[in-house]
Amino acid sequence: MGLSVWPRVSMTARCGCLRARRPRPAVSVALRMRGRRLGHSNRSVNGSNGNGKSYNYQRSSSQMEKNGQKASEAKEVKLYGQIPPVERMDESLSTLVNCEKLSLSTNCIERIANLNSLKNLRILSLGRNNIKNLNGLEAVADTLEELWISYNFIEKLRGIRVMKKLKVLYMSNNLVKDWAEFVRLAELPLLEDLVFVGNPLQEKYASDQKNNWIEEATKRVPTLKKLDGILVIKQEEDEEGAN
């Protein structure tokens with residue numbers, strides 16, 4: 001989920017490099033998807049129509065209609081690592097009414113938006129962008145189970161409490177630096193798998209002793225079963241084993 005076909009470089013450097021070489025107007029998801037539907041681009045956008053067969057928006061609209069493959073029917077849509085990069089999540093996302101997995105990672109998106117029509121979205125991948133906060137996620141709060149948002153610029157976790165069905169949160173290499181923000185994750189009743197490595201808060205504790213970070217973090221978010229890829233063994237489970 002969210003694996004990039006492009007080299008792993010920082011989004012600041014990547015986007016800055018692109019703009020420096022050739023300034024471009026903001027690229028919208030609408031333009032990118034419209035180009036694929038009409039067959040105007042030689043770069044494909046992968047998807048799945050739910051029957052196990054993959055397709056892409058590079059096909060002409062007539063061919064897609066012939067095969068019954070439409071954006072409105074796609075359950076998985078991948079728009080990651082685009083050249084030029086996607087810079088906006090615009091209103092065209094409203095066509096993805098059956099989408100369950102959406103990947104927009106490795107682009108230059110600064111703001112989460114226009115997810116209101118994605119009533120079936122379970123997995124959202126936004127890693128390696130320029131996102132600074134979690135505003136906009138409330139639109140998918142009733143369905144989202146996994147959020148992949150590593151390598152962004154998020155410092156505050158305000159608004160995370162609405163994600164009552166979130167089980168997996170990968171947000172490594174962001175800017176969270178204090179426990180006051182981290183404890184907001186305790187308001188997520190189903191959160192089990194968290195990747196937080198690379199945030200200033202984690203680096204501060206992990207530099208002393210890895211186990212100290214795990215102990216302090218799981219104490220504050222007791223629902224966790226896995227932290228930074230490490231299975232968490234609860235104290236009560238140890239006690240039961242001893243009995």
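Trp148 is partly exposed, with a relative accessible area of 22% (buried means under 20%, exposed over 50%, partly exposed in between, using a 1.4 Å probe and protein chains only). Tyr170 is partly exposed too, with a relative accessible area of 22%. Bear in mind that this is a predicted model, where local features need pLDDT of at least 70, side-chain atom pairs count only at pLDDT 80 or more, and totals for chains, interfaces and linings use all residues. Residues are numbered from 1 along each chain as its sequence is written, and side-chain values use heavy atoms, leaving out hydrogens and water.

A search of the whole structure turns up seven aromatic pairs (Phe, Tyr and Trp rings, the six-membered one for Trp, with centres within 6.5 Å; planes under 30 degrees apart are stacked, over 60 edge-to-face, the rest tilted). The rings of Trp148 and Tyr170 have centres 4.4 Å apart and planes at 45°, so this pair is tilted. Trp148 belongs to strand β6 (residues 146–148) and Tyr170 to strand β7 (residues 168–170), so the pair ties together parts 22 residues apart in sequence (helices are DSSP runs of H or I, at least four residues, and strands are runs of E, at least two, numbered from the N terminus).

## Trp179 and Trp213

Here's a stacked pair: Trp179 and Trp213 sit 5.7 Å centre to centre, with 20° between the planes. Trp179 is in helix α4 and Trp213 in helix α6, so to speak distant parts of the chain, 34 residues apart. Both are buried.

## The nonpolar core

Which residues touch the most other members of the largest nonpolar core? They are Leu102, Ile149, Phe182, Leu185 and Trp213, out of 50 residues (a core is a set of buried Ala, Val, Leu, Ile, Met, Phe, Trp, Tyr and Cys residues joined through side-chain atoms within 4.5 Å). Helices α4 (179–182), α5 (200–206) and α6 (210–220) each supply at least two of its residues.

## A buried cysteine

Cys108 is found in the loop between β4 (101–103) and β5 (123–125). Cys108 is buried, with a relative accessible area of 1%.
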